[in-house]
Amino acid sequence: MQLGAWSHMATAQNNRIILDDSNLQMLLDNSAQYLRTDASKQLSDIVQGGLDWQSSYSVTPLGSDEALWFKLAFSYQRIESARYTFVIGNPMLDMVDIYVMDSLGRIKHSAIIGANRPYSNRPINFRDFALPFELDYGEEFEIYVRIQDTGPTAFDIQFIKSTEIIKKATSELTFIGAYSGALSILTIYFFVTYFMLHSPIRFWFALTNLAFLAIFLNIQGILSMLTQQAQYMASITLAVLAMVLFSTAKISHSLLVGLPKAFQFVNYGFAAAFLFLAIIPNAYWQIVVAALVGSSAMLFQLGCTIAYRNPFNSLPNRIFVLGMSAIAATNIFHIGIFLSGTLLGSGGDLLLSLLLLLGVLMIAVALEAHEKVLIHKEYEQQQTTIKDLQRFYDFFNNSAEGLFSSTHDGQLISVNPAMCTLFGYDNEEQMLEEIKNAAEFYANREDRDVLVGQLLSEGKAVNKEVKGIRRDGNEFWFAISVQLRDEEGSKLLFGSIVDITDRKQSDISLKYMATHDSLTGVYNRRHFESNLSEVLSKRHEPDFSLTLLYLDLDQFKTVNDSCGHKAGDVLIKELSRQLNDVVSSKGMLGRMGGDEFAVMLDGDNSVLGFNVANQLLKTVRDYRFIWDNRMFTLGVSIGMVEFTDKLLTAEQLMSMADSACYLAKEQGRNQIHIYSTEDAKMQKYEADLDSISLINEALEDNRFVLFYQHYLPLQEMKQGHHYELLLRIEKEDGSLIPPASFLPAAERYNLSAKIDKWVLENYLKWLSENPEHLASLEQANINLSGLSLADKDMKLFFLNAFEKHAIPYHKVCFEITESMAIVKMEETLEFIKTFHNLGCKFALDDFGIGFSSYEHLKKLPVDYVKIDGSFVKDILVDPIDMAMVCSMKDVAKAMGISTVAEYVETKEIMSELGKIGVDYAQGYGVAKPNDLRQFIAYLAIENQSN
């Protein structure tokens, strides 16, 4: 028989295998008899007979307390003696006991070996489990083998003449050497190129090849043979497999574009899982779990490679996928065959090994292709960078802004032509030669130190305005933007400069105009109040003190009326200069408007308040104004208020000083009145402060509550809701504060406009959120204050509110009081005209209590007149009230204006009003005010009362 050819059939004589010249190598898997027993059975128990030997065995893995026995019977028929070797072909079996017994039942040869036993137990240094022994002519013998292993029971049984085993081993080692050499060459190549090119992907692939080499040598039994430490090979294999998964993960991550971090950690997790497989005691399940984890890892990496391939050139990814697929398919097939209890022959092993090597080579090709893609991409980036640099150079030279770079200590590195022009130099060379330090740009060199300090703390400065100096010594303003960067260990400044001289001069002028009165040159009201607020913000500091004076010139109107406004302007200008000389550095003088001034004294100067007030009083008394040969004397009323803990805002302080000034006028003019809480008028003011605080809190915390009170038509039935909106403040305990407790203070201290805004905005918003109510609404009456009527911004706010909430204008009627409307008649008429044209209606509230009600009624284009309740409530018992109401109704009817009677308390009054022709009734006799959030239609209220 030729080398490599196996004899699977042997001549049987009494069930013995005949060994003759034709049996140089035999594969005896099908000739053995098998017996599965518990592990405690010994050879003596097995040879006794009576056991159920089988011609095959189950591939089910052995338990830890089980053993697989098999036996073979031989008859040696060759004339000369020969040396044979009995081989078990699986170097990973845990324990293998081989017994050779002669015909008399004596043990002639034995070997107690296995992967979990010392390597020194092996009779010969061979990668499989082998037992050599001599045979003589006619010798009959039996071989008993016991195998204990928790892995797949896959092995082959060989009986080979010793001279032939050397040839077989040489042939196999030649293949192993060639295969190992290929992997070694790949490993060395990629390690060397890694050190040359510093490409991490080459390092990881070299490591992968090294790991594949270790696994291959371990499976072939070479590592065990070399190290003689077979018992650790399983753990080493798991660790190496973990390294393979980790390194292939690193390779795939380098090939992919945009792979999420989470997916990278999943790949690493698969590798880490292999390290924990060693805790599985059963080798079979260890292999099964390892196969599942490895397959999952490979499939996951393949999926990532497909999903996140390089969009610019996917060829490396495609080759990598093919290589990984070849490796994965090879390993899965090999493990599946192994788990089924089958060992491939040398031809099958060779084919699978070549497929695995082909996959590795394909990955190597993918890496080389990937490197070429990177090199090409880097080349393109370099070309783009060169073009960008060229564009930057063109931009630098042609920029309209002055551009420069310098060192941290001020040495100029580069400037552009615009920079030279800005500072008066002919060219870049001249500027770089003459400017020794960038500090020479600045009129005040300390400005550069401040700028550098900002750069060191923040890294950049944007549009910092600085006064500079040109080459000819002229000063100008420029805006500089600078960035601090580290370049090769040096701190460099890169910046741009723009000439802002014209704008700066304009800004300075505008800034002065924004803070100073254009006529007198003293501070204006806005800036004065802003400074007052700033000073008051420090009121919690110890030893804080503040005094405020409010001045109102007496007899100034006489000059204006008799000599004209030009004379008045001259007077104010001259007098303000003298007042400012008195105040001087002691405090701050501001013109509040017209003939009113204010003085703020804070800190140590606040104690000088009364003295300064007297000096101001004396200055105005002594002042003589001459115009067109006419002489005028003036006086001044001064209100003085000192800071107390109750004062929270500048508005309060100004209001108190204004009130004190008003009392000075009331008490005879040309005098000083000091604010005191003992005054009855001042006490009223203190009470108003509480109301002001209450209103502000309600505005801030949204604690206003809308109420409504129905109107009742007296002359004809009308569909839809018709009511007046009323207002309450809800306290924290849920109780309600009526409007009479806070609205008067709101009118006095200019808060009514804010309340009007709140009412309109929140009511219109409520209507937009309740479309059914809006559809049924005939008209809602909303009260407005005089401030709202005169404020142009308020008009714009109202217009925006209607449009924002999409509320028809005709649904709203604004109520204005006669007394408020006549204060600023022109503004009121303009307001009415604007909203009349849009569809709103207007009602004149509290009609009849003014001195000239009929006269004003002719001027105001209103749609309704609300007859004041003081005339209505006693109409049944007071004929004069009856006559007044009838008169108002007749006048209104003649003008085409509808009438509304207020304070209708009883049905009898309501009936009488209907008889005399009043159009609408409002009062408790009609319906009481209710919360708008729980709206009830008028008919429902009637039904409840009935």
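This report walks through a sheet, some salt bridges and a pair of helices in the structure above.

Keep in mind that this is a predicted model, where local features need pLDDT of at least 70, side-chain atom pairs count only at pLDDT 80 or more, and totals for chains, interfaces and linings use all residues. Residues are numbered from 1 along each chain as its sequence is written, and side-chain values use heavy atoms, with hydrogens and water left out.

## A six-stranded sheet

Let's start with the strands. Helices (H or I, at least four residues) and strands (E, at least two) are DSSP runs, numbered from the N terminus. Two strands count as paired if DSSP finds at least two bridges between them. Six strands form an open sheet with mixed pairing, in the order β17-β19-β20-β18-β23-β24. β17 (523-524) and β24 (672-674) stand at the edges with a single partner strand each, so one side of each has no neighbour in the sheet.

Now zoom in on β18, which covers residues 546-554 and is joined to β23 (residues 635-642) by eight bridges, the two running antiparallel. Leu551 has Ile638 as its bridge partner in β23, and Asp554 is partnered there by Gly635. β18 also runs antiparallel to β20, with seven bridges between them; here Leu546 stands opposite Asp602.

How many of the residues of β18 are buried? Nine of its nine are, where buried means under 20% relative accessible area, exposed means over 50%, and partly exposed is in between (1.4 Å probe, protein chains only). In a regular strand the side chains alternate between the two faces of the sheet. In β18, Leu546, Leu548, Tyr550, Asp552 and Asp554 point one way, while Thr547, Leu549, Leu551 and Leu553 point the other way.

With a relative accessible area of 2%, Thr547 is buried. Setting aside neighbours within four places in sequence, Thr547 is in contact (heavy atoms within 4.5 Å) with residues including Val599, Met600, Leu601 and Met640.

α14 (residues 525-536) lies across β17, β18, β19 (588-593) and β20 (596-602), and runs at about 130° to β19. For such angles, axes are lines fitted to C-alpha atoms, for helices over the stretch in contact, and the angles run from 0 to 180 degrees between N-to-C directions.

## Salt bridges

A salt bridge here is a side-chain nitrogen of Lys or Arg within 4 Å of a carboxyl oxygen of Asp or Glu. That rule gives a count of 27 salt bridges. Here are three of them:

| Pair | N to O distance |
|---|---|
| Asp97 and Arg117 | 2.4 Å |
| Asp97 and Arg146 | 2.9 Å |
| Asp554 and Arg669 | 3.3 Å |

In the pair of Asp97 and Arg117, Asp97 lies in strand β7 (residues 95-102) and Arg117 in the loop between β8 (107-113) and β9 (129-135), so the pair ties together parts 20 residues apart in sequence. Both of those residues are buried. The other partner of Asp97 is Arg146, which sits in strand β10 (residues 140-148), 49 residues apart from Asp97. Arg146 counts as buried at 8% relative accessibility, and Asp97 does at 2%.

## Two helices side by side

Two packed helices are described by the angle between their axes and the distance between the axes. For α21 (residues 752-769) and α24 (residues 792-805), the axes come within 9 Å and cross at roughly 10°. That makes α21 roughly parallel to α24; angles under 35 degrees count as roughly parallel, over 145 as roughly antiparallel, 65 to 115 as roughly perpendicular and the rest as oblique. Residues of α21 including Leu760 and Leu764 meet residues of α24, among them Phe797, Phe798 and Phe802.

## One more covered strand

Finally, look at β30 (residues 812-817), where six of the six residues are buried. β30 runs parallel to β29 (residues 777-783), joined by four bridges, and parallel to β31 (residues 841-847), joined by five.
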